[in-house]
Amino acid sequence: MAGDETGRVKVADNLYRRPDSPNLYVVWHQGGRKRWKSTGIASLKEAKRLRDEFLGRFRASGLTRDERVTYEQLRQVYIDHCTVRDRAASLETFLDTRSKHLDGFFAGMRAFDIALSGAIARYIAQRKREGGSNASINREMQVLGQMFRLAADDEHRLVSRGLVPQIRKLEEPAPRRGIVNDKQFVEIMANLAAWARPAVMAISVTGWRVNAVLSRRRSDVDEETGFLVLNRESSKNRTEYKWPLVGDMGDLIRGQLAQIQRDEVKLRRPIPWLFHHNGKRIPYETLRNNWRRATKVAGYPGKLMHDFRHTAATRMDSTPGISISVAMSLLGHKTDIMFRRYIQKHDDRLVEAATRLAKRPKEFSGYRTAPKAVTEAKVL
């Protein structure tokens with residue numbers, strides 16, 4: 001909106017004059033706000049003609065650039081960005097989980113209404129009523145905010161920068177603390193479907209994220225160097241990492257490759273995936289549902305496959321000879337702060353520490369004389 005509204009005088013419908021200018025101004029309402037622009041002339045007759053032409057064009061188009069952009073356009077910008085920037089993991093997570101919530105609510109809405117009509121607050125309230133966690137809602141809002149920022153950047157310029165909403169994050173609980181011990185693992189594995197066991201075994205050994213394991217292809221097994229490789233395009237934090245094919249992991253991968261060859265003969269078609277179900281990649285939701293059933297039957301309904309990441313970090317931290325840098329490389333962590341967040345301190349470590357304190361020499365244990373001092377104080 002140009003100029004200042006102070007001191008304006010109405011001279012005709014939608015036409016005003018300001019005391020500091022001889023020219024007339026057209027005034028109209030748009031998006032709940034009053035807007036105005038100069039006609040550049042002082043003649044009332046000519047200004048009316050220009051007003052009618054301008055308002056006619058405005059009413060014919062109905063919407064400005066910001067108001068014409070739809071949620072579907074914002075969504076496509078985000079998908080294109082993930083594709084161009086090789087963010088396969090982010091795109092897969094969006095399409096598999098977050099899009100069903102965002103699409104179901106914002107589909108058909110204009111970007112203008114999403115940002116300025118309170119739709120975001122209504123979405124958050126609805127997701128809370130549906131039982132969505134604060135962490136899940138924050139991740140969904142993070143994607144929505146990125147859609148707007150990408151649409152407003154210099155590369156796209158679909159919306160103005162002023163339309164990008166400022167979304168406040170919900171308070172999230174402390175990082176999850178949980179591991180899967182050997183007894184729990186054996187009992188859960190016994191209740192898993194046969195096709196799910198190799199993938200879960202790989203997740204438990206490596207501590208990699210579930211989608212990182214499920215997205216591995218046979219070509220990601222480098223038998224020459226002896227590594228299972230996760231490329232940066234499939235990595236959540238765009239960091240390439242790999243796991244040596246030794247010990248249990250080596251036996252698992254070699255057995256899986258041999259099984260794939262037998263399955264190809266049976267199904268009469270090539271199988272590109274390292275872990276598969278009937279020759280097709282295992283969907284995350286399918287494996288998660290099978291895991292939930294197995295944990296419920298085994299008596300551990302609260303256990304998550306992501307707990308294997310905590311388990312692996314804890315195991316590496318408590319194994320002598322494994323440095324933090326090596327552990328970070330195996331798990332794909334970029335910072336030692338993030339790695340330490342995954343370490344679960346066992347209760348037996350606390351007991352061991354307290355036991356050692358109790359065995360300290362008496363001359364260093366000043367608190368042992370405290371009861372005597374308290375007794376003397378009471379006598380006085």
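Arg-268 lies in the loop between helix 11 and strand 8 (276-277). The model in which this residue is seen is a predicted one. The protein chain contains 17 helices and nine strands, and buried residues account for 38% of its 380 residues.

**Loop residues and backbone angles**

- Most residues other than glycine have a negative phi.
- Arg-268 has a positive phi of about 60 degrees, although it is not a glycine.
- With a relative accessibility of 78%, Arg-268 counts as exposed, because the cut-off for that class is over 50%.
- Asn-278 is found in the loop between strand 8 and strand 9 (280-281).
- The phi of Asn-278 is also positive, near 60 degrees, in a residue other than glycine.
- Asp-20 belongs to the loop between strand 2 (15-17) and strand 3 (24-30).
- Asp-20 counts as exposed, at 56% relative accessibility.
- Arg-8 and Asp-20 are twelve residues apart along the chain, and 9.2 Å separates their C-alpha atoms.

**The chain as a whole**

- The protein chain exposes about 22,200 Å², of which carbon and sulfur atoms supply 53%.
- Of the contacts between residues at least 6 apart in sequence, 56% join residues at least 24 apart.

**Helix 9 and helix 13**

- Two packed helices are described by the angle between their axes and the distance between the axes.
- For helix 9 (residues 197-206) and helix 13 (residues 307-317), the angle is about 40 degrees and the axes are 7 Å apart.
- The two helices, helix 9 and helix 13, are therefore oblique to each other.
- On the side of helix 9, the contact is made by Val-200, Ile-203, Ser-204, Val-205 and Thr-206.
- On the side of helix 13, the residues that meet them are Phe-308, Ala-312, Arg-315 and Met-316.
- By class, this contact of helix 9 with helix 13 has six nonpolar, two polar and one charged residues.
- Helix 13 is mostly covered, with nine of its eleven residues buried.
- Among the buried residues of helix 13 are Phe-308, Ala-312 and Met-316, which also take part in the contact with helix 9.
- Asp-307, Arg-309 and His-310 are likewise included among the buried residues of helix 13.

**Gln-256 in helix 11**

- Gln-256 lies in helix 11 (residues 247-267).
- Its relative accessibility is 9%, so Gln-256 counts as buried.
- Leaving aside residues up to four places away in sequence, Gln-256 touches Pro-198, Leu-274, Phe-275 and His-276.

- Three strands form an open sheet in the order 5-6-7, and the pairing is antiparallel.
- Strand 5 (221-222) and strand 7 stand at the edges with a single partner strand each, so one side of each is left without a neighbour in the sheet.
- Strand 5 and strand 6 run antiparallel and are joined by two bridges.
- Across this pairing, Asp-222 stands opposite Phe-227 in strand 6.
- Four residues lie between the strands in the hairpin of strand 5 and strand 6, where Gly-226 takes a positive phi near 80 degrees.
- Strand 6 (residues 227-230) pairs with strand 7 in the antiparallel sense over four bridges.
- Phe-227 has Pro-244 of strand 7 opposite it.

**The two faces of strand 7**

- In a regular strand the side chains alternate between the two faces of the sheet.
- In strand 7 (residues 241-244), Tyr-241 and Trp-243 make up the covered face.
- The uncovered face of strand 7 consists of Lys-242 and Pro-244.

How values were computed
Residues numbered from 1 in each chain as written. Predicted model: local features only at pLDDT ≥ 70, side-chain atom pairs only at ≥ 80, totals over all residues. Heavy atoms only, no water. Axes fitted to C-alpha atoms, helices over the stretch in contact; angles between N-to-C directions. Parallel < 35°, antiparallel > 145°, perpendicular 65-115°, else oblique. Contact = heavy atoms within 4.5 Å. Nonpolar A, V, L, I, M, F, W, Y, C, P; charged D, E, K, R; others polar. Buried < 20%, exposed > 50% of the residue type's maximum accessible area, 1.4 Å probe, protein only. Areas by Shrake-Rupley, 256 points an atom, 1.4 Å probe, with all protein chains shown as cover. Pairing = 2+ DSSP bridges.
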